[in-house]
Amino acid sequence: MSDFDDTLNENETNGGTDTKKSRITADMVVTDIITQYPDAVYPLMEIGMGCVACPASLGETLAEAAVVHGFDPQDVINYVNDRLGFEVDE
């Protein structure tokens, strides 16, 4: 059985729950975000956060990266979540 089949079977046995449905949070490491949500690359790049190629993204949270780039972390989190179709904090 392939890894793909294993994933399908696991998804069926856990009620079809997809753990990727959780929105992005401040404490998530940038590379983990990009791995789980590849489309997150686009909004990050749009605002000037070149996290895709940055070595710091391996251990840096989204909040930390936002501060390094001079952004309010919550603004970045809300922007990325909105672009990914998740609810945002007001």
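## Overall layout

From the N terminus on, the elements of this protein run α-α-α-α-α. The model is a predicted one. In total the protein has 5 helices and 0 strands.

Of the 90 residues in the protein, 30% are buried. The protein exposes about 5,900 Å², and carbon and sulfur atoms supply 53% of that area. Among contacts with a separation of 6 or more, 56% are between residues 24 or more positions apart.

## Helix α5 and its ends

Helix α5 covers residues 73–83. Its buried residues are Val76, Ile77, Asn78, Val80 and Asn81. Which helices do the buried residues of α5 pack against? They pack against α3 and α4. An α-helix has 3.6 residues a turn, so residues three or four places apart point the same way.

At the start of α5, Asp72 places a side-chain oxygen within 3.0 Å of the backbone nitrogen of Gln74. After α5 comes Gly85, which has a positive phi, near 90°.

## Ala66 in helix α4

Ala66 is located in helix α4, which spans residues 62–68. Is Ala66 buried or exposed? Ala66 is buried, because its relative accessibility is 0% and the cut-off for buried is under 20%.

Setting aside neighbours within four places in sequence, Ala66 is in contact with Met49, Phe71, Pro73 and Val76. Ala66 and Ile77 are 11 residues apart in sequence, and their C-alpha atoms are 8.8 Å apart in space.

Thr61 sits in the loop between α3, residues 41–46, and α4, residues 62–68. With a relative accessible area of 15%, Thr61 is buried, because the cut-off is under 20%.

What does Thr61 touch, apart from residues up to four places away in sequence? The residues are Ala26, Asp27, Met28, Val29 and Val30. One of them, Val30, belongs to α2, which covers residues 30–36.

## The salt bridge

Side chains of opposite charge can pair when their charged atoms come close. How many salt bridges does the structure hold? It holds 1. In this salt bridge the side chains of Arg83 and Glu46 meet, at 2.3 Å from N to O. Arg83 lies in helix α5 and Glu46 in helix α3, so the pair ties together parts that are 37 residues apart in sequence.

Both partners are partly exposed: Arg83 has a relative accessible area of 40%, and Glu46 has one of 47%.

## The aromatic pair

The structure also holds 1 aromatic pair. This pair is formed by Tyr37 and Phe86, with 5.7 Å centre to centre and 85° between the planes. The arrangement is edge-to-face, because planes over 60 degrees apart count as such.

The pair links distant parts of the chain, 49 residues apart. Tyr37 is in the loop between α2 and α3, and Phe86 is in the segment after α5. Tyr37 is buried, with a relative accessible area of 7%. Phe86 is buried too, with a relative accessible area of 18%.

How values were computed:
Residues numbered from 1 in each chain as written. Predicted model: local features only at pLDDT ≥ 70, side-chain atom pairs only at ≥ 80, totals over all residues. Heavy atoms only, no water. Helix = DSSP H or I, 4+ residues; strand = E, 2+ residues; numbered from the N terminus. Buried < 20%, exposed > 50% of the residue type's maximum accessible area, 1.4 Å probe, protein only. Contact = heavy atoms within 4.5 Å. Salt bridge = Lys/Arg side-chain N within 4 Å of Asp/Glu carboxyl O. Phe/Tyr/Trp six-rings, centres within 6.5 Å; stacked < 30°, edge-to-face > 60°. Areas by Shrake-Rupley, 256 points an atom, 1.4 Å probe, with all protein chains shown as cover. Polar contact = N/O pair within 3.5 Å; in protein donor to acceptor, adjacent residues only side chain to side chain.
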